[in-house]
Amino acid sequence: MSDTARPVARPRRHMGTTMLKIYTMEAILLVIVAVLVIFAPGFASLGNFFNVLRTVSMLGIIAFGMTAVIIAGEIDLSVGAAVALAGCVVAWFSGALSMHIGSVAAVAIGVLVAMTIGFLTGVFTGSMRRWFNVPTFITTLALFTALRGAANLITGGFPLTDLPDWFGFLGAGDLFGVPFPVYVFLTVFVLMHLLMTFTSFGRAVYAVGGNAEAARLSGIDVFFVKTMTLAMTGVLTAVTGTLIASQIGSGTGNTATGMELDVIAATIIGGTSLFGGKGRVWGTLLGVLLLGCITNGMTLLDVSEYWQYVVRGAIILGAVLLNQVLDTADR
């Protein structure tokens, strides 16, 4: 009887750690929200709830794309600079073409050009990986500087403010009482969740990140998959750049400074493995909300900005350690 009992005990422990890993983020988010509701004045108000959602929307849109990139075993350090460039491109086209073809068409052309630049930037990064075996963190580190420089070349170092009045609605307006960026944020979440969960491309992303050689031998074009995740993220940076330019009413080369670190942090906190092959778009949504709630709560509690950096750093390190412990226990 002892010989038959032992094989049953191991799957139960395996299942327990797996379930713990799946629902850890949900539990942590609930605890953090409960603590902030009790101790942070005004945190539980509906207005503050929408304020948190509006703030995390810009970050989350890119984080969903970054989730696919990291699951595929790569990383993109240029997203903050790409956001700045996109905002400047939209503002420049608005100023240059509005008098000739109308503000709606001018802004639309600017958004399309910004998306094209984001897509091609991802293709360039993937091509450098494919043809010259340059790691993406090096290519995107170079792009981090180049794209920021290009944004400042477009603006000449000064904010571009020649934007139509209606443009401000995209980043700062409300629709049925809900901030408009939240609709974009949730739409991107649903699309990315469906893509990564129910499509052959999503399964290919996990396969490539889990074992690139095995994926190649099974007929998957590894570098095409990696390139498409980078290109998708590039397009999403254009969406965020447009929303931020709308929110602040200008295109500036210094927008979204340090945003790439927050995007990567939210993705990791959400349970995506930096080693590739593991992660969930749902987890990234929770990670984004967790970062937003903590930042908002600390602001309401009048915590020093410097201490906020310390706390956020501790949270990122804690999330990585927790995932490592659960990964080890799950094997």
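Helices here are DSSP runs of H or I with at least four residues, numbered from the N terminus. The model is predicted: local features need pLDDT of at least 70, side-chain atom pairs count only at pLDDT 80 or more, and totals for chains, interfaces and linings use all residues. Residue numbers start from 1 along each chain as its sequence is written, and side-chain values use heavy atoms, with hydrogens and water left out.

**View 1. The largest pocket and the helices around it.** Helix 2 (46-71), helix 10 (222-248), helix 11 (259-269), helix 12 (281-300) and helix 13 (305-330) each give at least two residues to the lining of this pocket. A pocket is an open set of points on a 1 Å grid over the protein atoms alone, with protein on both sides within 12 Å along at least five of seven lines; lining residues have an atom within 4 Å of a point. The space in the largest pocket is about 720 Å³, where a volume is the space filled by probe spheres set on the points, and grid points are joined across faces, edges and corners. Helix 2 contributes the most to the lining, with seven residues.

**View 2. Residues of the largest pocket.** Of the 26 lining residues, T55, L59, D262, T295 and R312 lie nearest the centre of the pocket. The lining holds 13 nonpolar, 10 polar and three charged residues. Nonpolar covers Ala, Val, Leu, Ile, Met, Phe, Trp, Tyr, Cys and Pro; charged covers Asp, Glu, Lys and Arg; the others, Gly among them, are polar.

**View 3. The largest cavity.** A cavity is a set of grid points where a 1.4 Å probe fits but cannot get out. There are two cavities of 30 Å³ or more, and the largest has a volume of about 70 Å³. Its lining includes A82, L85, I117, T121, L147 and G234. Helix 3 (79-101), helix 4 (103-132) and helix 10 each supply two or more of the lining residues. Eight of the lining residues are nonpolar, four are polar and none is charged.

**View 4. The second largest cavity.** This cavity has a volume of about 50 Å³. Among the residues that line it are D76, S78, V79, G122, T125 and L230. Helix 4 gives the largest share of the lining, four residues. By class, the lining has three nonpolar, seven polar and one charged residues.

**View 5. Helix 10.** Because 20 of its 27 residues are buried, helix 10 is largely enclosed by the rest of the structure; buried means under 20% relative accessible area (1.4 Å probe, protein chains only). G249 follows helix 10 and has a positive phi, near 75 degrees.

Notes. Buried means under 20% relative accessible area, exposed over 50%, partly exposed in between (1.4 Å probe, protein chains only).
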